[in-house]
Each structure stands twice: as C-alpha cells, then as structure tokens.
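Work through the following exercises with the sequence and the 3D structure open beside you. Try each task before you read its solution.

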Amino acid sequence: MAQKVTPNLVFTVIRHEPELIAPSKPTPHEFKLLSDIDDQHSLRFHFPVVQFYPSNKENVHSDPVKVIRDALAEALVFYYPFAGRLREVSGGKLVVDCTGEGVLFIEADADVTMEQFGEALHPPFPCVEELLYNVPGSDGILNSPLLLIQVTRLLCGGFIFALRLNHTMSDALGLVQFMMAIGEIARGAHTLSVQPVWQRELLNARDPPHVTCTHHEYDEVANTKDTIASLLVDVDYRSFTFGPTELLALRKLVPKHLSKCSTFDVLTACLWRCRTIALQLDPDEEVRFLCLVNARGRLDMWLPAGYYGNAFVIPAAISTVKKLSQNSLGYALELVMKAKSSVTTEYVRSVADLMVTRGRPPLQAAGSWLVSDFTRVGLRDVDFGWGKAVYGGMATGRVGDIPGLFNFFVPFRNNKGENVVVVPLCLPAAAMERFVKVLGSMLVGKHQLVNGTASCQIKSAL
C-alpha cells in the first residue's frame, strides 16, 4: 500500500525569542584546536537534524521544552566547547574559543499534530524552516553559535526536536553522543555513561606531513561540462523507500563474487548508476562516487571511546559515464566496494597530511555524488524521557549549496513494521522522471519505488 503523504500540509509555529543557553556551572576559558580532519573546507557548513517524538502518557504533565533546556545546560558543562565560538588563527587554522557564551535555543508551539504529518515521516518535511528557524546572523562559521536547537510542542502532546550543528565540531556520531548525554540528564542521570574526549591532536597531520595515498576526492578538475549548473535548474525533491522486497530484487542482480556486499554497497551502486544515466551527461565525462567511511574502531587509530570530533574520510570511486551506464550493476558495485576497502589507518593519516600540504582543499564537486549512511548512527535512539524518536535524521533533502551533491540514507519503520531505508534525492525535474524509469527497470518493473505498492513519492512543500 502506498504510504500516506501530506505535501500540502501548512501550519503555524509561534516561537519565543531565541535565547543563549550557557553551561549550568563555570567551565574553563581556553582555546582548543580542531584536528586536521575537522578543519576541512568542505566541513565549513551547518547540518540540520530533526527528531519527532509522540506524546507519552507517563510524561503528560512534563514540559519537553523545560526538561531539554535544563538538561542542555547541564550537558554543556561536560561538552563546554560547544558553548564557545570558532576563531580563525594564522594559516587559516580553526580554533574553539571556549567562551561559555552558550548555544542558541528556541522554544516554540505549533498548531499541528503528529498524525497530520502522515505515515511517511521523512524528508522533505513541510514547513521545515519553521521547525528549525534560522536566527538571523546565527549561521556563520566564525564567531557564531556552534549549535542551534529548537523544541516545538505539538497539539497532540508530542514534540519536535530540531538541531543545527557547525560540522567542523563533530560528525553525526559525535553529535549523537552529545544528544545522548542530554537525554541521560533529562531522564535523571547525574553522571554520563560516556565521558566526552576532545584529544583532536590524534587526527592531526604528521610532522612532517607526508601524503602517501591517492585521494581522488580532492582532485582539482575543471568544471568544463558545467555539470554543477545543470543541477541547479528546476530542482525536484523526492524520497524513495527501499524495503525488504526492493533490496532483495537488487540482490538478485549482484554477481556471485560480490555476494558479500552490504546493503549500503548494493543500494549506492544502484543509485549512482541510475542517477548518472538520468542526468544524461557526456559519455566521456568522469563521474565520482564519494562515501563517508568511519575511522573509529580501528585498533591502530587509538581513538578513545568518547571522542566526538569528526572521524571519517571520504574515499572516491571513479568511472566514465559511458562505462557506468553501459555496464551491469556489478561494475558500479565493485567500484564502490573497492573505494570503501581502500580506507586504512594510513589513508586517514594521509588525508590529514593532505589538508596541511595543500591548504585544506575542498572536495571535488564536478561530476560527484556523495552519500552518508545514517541508518546506524543512532539518532532515533535518543531519548529525552518520552521514549525513542519515531523519526531521527536529516531535516532536509538538501545539504550544502549544490542540490543533489550530498545525499544520505535514513532508517525508518513503515506501517508494516518493516525496517526500511529512506533516500531523499533531488535532481532536475526532467532527470528525476528519467531516474524513476531507470530505477524501475532495474527492479524489473515489479516493485515501483514511486507511487507504487512498495513505497511513495514526496514532492517538496518547501
């Protein structure tokens, strides 16, 4: 059955004046350098997340705004760098000035219920700019609040927790660690189960720096085909849902020698191929697939539990449009798996060294498609005392200045109780129609992912 969508949902949000929430106790005033993995040009932006919490009979008399505001102030005692401001020092290096000024917090009420959002709680959300208000002057990278949080009460007794983070401070796993700390305190804890660890020097460049690996993600390639401009025209936003049926259909296309591939591998390979075909690029043009690979858990990296900085790298797979389009899914899949397996401790060290030796170059945008897997990040598990979120993930289908360049996979449980993967995509409208057809043909036309029996299409209300 097609999921219920509410593309035309309109509601009013009444916001209180934004306030700064400082740590509840005095904290050190000091300067803390970011790592050379944190301090990348491509991470100098704010990324938004949103959590939907239904009403809870056990907390019917509690105010989520007060509970979270108070817990936030206490959590900032442990995570006091978040209450500071970024400064830029010699060589363009970023440093946190731990001023204790605080993070922006907005209390709000909306005349809407959770049910009115429909069963399909995933991006793009209607009126998202009202649920995470961009306070004028707050979204700078330097000298601005590092976090903005808005808690919006709903008519049904539920609430929406929305947050925007300066990405240079933490990755998604680091952010979840901080949010878990707020949740623990909100539920009455006096100590944290995971103590925060700064130690950003662990991911600094070596002395002297020595780039030892190939990093196609930072190649300097001229945008001669003007592929970036083509992504900005008549953009269409939709979300696609992949459940057990769709993933099984894709698995049937996987060659035997690649049968150990992950769900992420096969899904990204499929989408990269379909997206490339749909964009109708020059057959000889090079295209790149980039994915975020976590560096935590590698025994020789020595990143301690509690480390909440950015700890990922972004390896790239490269192909010509012609080869990617004309070969089977196995060709794309092998490229994706090879790119991921290239990440070693030496690769991570080499990225840090490259940042220093090449002046923190940006990621290559022309012909690129970057994917981050949020299915195991744990945003839905954050509990402020009202239970787990029914949705926890990115707040919008677009991140950054170029629509469609950065995408993410979001976990979701559908009305059948199945765990599915939601992929918000944005493409030029004509390319989106072609994408849907190519994707349908890969699934042999039996399981349409848009307006079909397995999933749904969401047109943006933004």
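**Exercise 1.** Which backbone oxygen lies 2.6 Å from a polar atom of the side chain of T268?

Solution. The model is a predicted one, in which local features need pLDDT of at least 70 and side-chain atom pairs count only at pLDDT 80 or more, while totals for chains, interfaces and linings use all residues. Residues are numbered from 1 along each chain as its sequence is written, and side-chain values use heavy atoms, with hydrogens and water left out. Start from T268, which lies in helix α6; helices are DSSP runs of H or I with at least four residues, strands are DSSP runs of E with at least two, and both are numbered from the N terminus. The oxygen in question is the backbone oxygen of F264.

**Exercise 2.** Decide whether T268 is buried or exposed, and list the residues that it touches beyond four places away in sequence.

Solution. First recall the scale: buried means under 20% relative accessible area, exposed means over 50%, and partly exposed is in between, with a 1.4 Å probe and protein chains only. T268 has 0% relative accessibility, and therefore counts as buried. Next, with contact taken as heavy atoms within 4.5 Å, and leaving out residues up to four places away in sequence, T268 touches F289, V336, W369, V371 and F409. Finally, take V371 from this list: T268 and V371 are 103 residues apart in sequence, yet their C-alpha atoms are 7.8 Å apart in space.

**Exercise 3.** Find the buried residues of helix α5, and work out which elements they pack against.

Solution. Helix α5 covers residues 244–251, and its buried residues are E246, L247, A249 and L250. These residues cover an arc of only 155 degrees around the axis, which puts them on the same side of α5; the arc is that of the directions from the helix axis to the C-beta atoms. The elements that the buried residues of α5 pack against are β10 (235–242), α6 (263–279) and α8 (329–341).

**Exercise 4.** Identify the partners of K93 and K340 in salt bridges, and explain what each pair ties together.

Solution. Side chains of opposite charge can pair when their charged atoms come close. A salt bridge is counted when a side-chain nitrogen of Lys or Arg is within 4 Å of a carboxyl oxygen of Asp or Glu, and a search of the whole structure finds 26 of them. The partner of K93 is D36, at 2.9 Å from N to O. D36 lies in the loop between β3 (31–33) and β4 (46–53), and K93 in the loop between β5 (85–88) and β6 (94–97), so the pair ties together parts that are 57 residues apart in sequence. D36 counts as buried at 6% relative accessibility, and K93 counts as buried at 12%.

The partner of K340 is D265, with the closest N and O atoms 2.8 Å apart. K340 lies in helix α8 and D265 in helix α6, so this pair ties together parts that are 75 residues apart in sequence. D265 is buried, with a relative accessible area of 6%, whereas K340 is partly exposed, with 27%.

**Exercise 5.** Classify the aromatic pair of Y79 and F178 and that of F161 and F384.

Solution. Rings of Phe, Tyr and Trp (its six-membered ring) pair if their centres lie within 6.5 Å; planes under 30 degrees apart count as stacked, over 60 as edge-to-face, and the rest as tilted. By this rule the count comes to 21 aromatic pairs. In the pair of Y79 and F178, the distance from centre to centre is 5.1 Å and the angle between the planes is 65 degrees, which makes the pair edge-to-face. This pair links distant parts of the chain, with Y79 in the loop between α1 (64–78) and β5, and F178 in helix α3 (residues 172–186), 99 residues apart. Both Y79 and F178 are buried.

The rings of F161 and F384 have their centres 4.8 Å apart and their planes at 35 degrees, so this pair is tilted. Here F161 lies in strand β9 (residues 159–166) and F384 in the loop between β15 (368–373) and β16 (391–394), 223 residues apart. Both F161 and F384 are buried.

Methods:
Polar contact = N/O pair within 3.5 Å; in protein donor to acceptor, adjacent residues only side chain to side chain.
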